[in-house]
Amino acid sequence: GKMAATTERAAALAQVFGLSPSALVDMVINAANDYIYDAVEDLQNSLLANKDFSEEEVKTSCFAILHNLQNRVDKSFDKFELFCLRYLFVIPEDCPLPGDPETSEEPEISDSELTALCASIRTAKAAAAAMRQELEDLEGLSAKAAALLAQREQVDSVCRASGVPNLKETIASVAQSVDRLASACDALPSDLPPSAEDAHQAYKRRRMETFTASDALETFVPPT
């Protein structure tokens, strides 16, 4: 019954800790008592060797000291034993011990719970894939932005070297120059002979195709 269960529990605890908790506490108490006996015995021998007291007085006094110490130690170690067995060498009742029957009860999951769990897993996987794709896109945009900034720095460097402090205004001026050049080409007389007209149109096309920002800059930037 209950006594057998308690005995089995104590045996299991001894197997877990490597020794019986009660035996360990008894060993500590016995060691303390041995130290008391040794201390009183040394005191008695020292007093007897001093010859200032009679042997009967020394033995009577040492016996009283030993009795007093034993009473105090017994009371203190009773509390120590209760504390150890109640709070220190304790394993919760619901914690399985060696020799306990194995309980492998698996939690029951309904079909609806299993379906919801699978759906949550799929949703989490899809969200993770989307986040990875977004991260890749951001990395690509970051690389493009870095390349554009590098190009902008190169353009700024060329402008500074050419004495062009404001790139935006320079580009606007270049655009206006191109517009004026195109207007000037359109204003040329059109009643030229066919051969001359063809040559003129070919020249205009070549000029417009090869006209670059450098040509416009040369228009506005005085030679150094």
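1. Leaving aside neighbours within four places in sequence, phenylalanine 89 is in contact (heavy atoms within 4.5 Å) with Leu13, Phe17, Pro21, Leu24 and Cys84. Phenylalanine 89 sits in the loop between α3 and α4 (111–161). With a relative accessible area of 15%, phenylalanine 89 is buried; buried means under 20% relative accessible area, exposed over 50%, and partly exposed in between, with a 1.4 Å probe and protein chains only. The C-alpha atoms of phenylalanine 89 and serine 22 are 9.2 Å apart, although 67 residues separate the two along the chain.

2. On provenance: this is a predicted model, in which local features need pLDDT of at least 70 and side-chain atom pairs count only at pLDDT 80 or more, while totals for chains, interfaces and linings use all residues. Residues are numbered from 1 along each chain as its sequence is written, and side-chain values use heavy atoms, with hydrogens and water left out.

3. The protein chain has seven helices and zero strands. Helices (H or I, at least four residues) and strands (E, at least two) are DSSP runs, numbered from the N terminus. Of the 224 residues of the protein chain, 15% count as buried. Among contacts between residues at least 6 apart in sequence, 66% join residues at least 24 apart.

4. The axes of α2 (residues 21–50) and α3 (residues 55–88) come within 10 Å and cross at roughly 160 degrees. Axes are lines fitted to C-alpha atoms, for helices over the stretch in contact, with angles from 0 to 180 degrees between N-to-C directions. α2 and α3 are therefore roughly antiparallel, a label for angles over 145 degrees. By class, the contact of α2 with α3 has 21 nonpolar, four polar and five charged residues. Ala, Val, Leu, Ile, Met, Phe, Trp, Tyr, Cys and Pro count as nonpolar, Asp, Glu, Lys and Arg as charged, and the others, Gly among them, as polar.

5. The largest nonpolar core has 12 residues, among them Val25, Ile36, Val73, Cys84 and Phe89. Such a core is a set of buried Ala, Val, Leu, Ile, Met, Phe, Trp, Tyr and Cys residues joined through side-chain atoms within 4.5 Å. The elements that give two or more residues to this core are α2 and α3, and α3 gives the most, with six.

6. Not counting residues up to four places away in sequence, isoleucine 36 touches Leu66, Leu69 and Val73. On the same terms, asparagine 33 touches Val73 and Asp74. Asparagine 33 lies in helix α2 and, at 16% relative accessibility, counts as buried.

Technical notes:
Angles under 35 degrees count as roughly parallel, over 145 as roughly antiparallel, 65 to 115 as roughly perpendicular and the rest as oblique.
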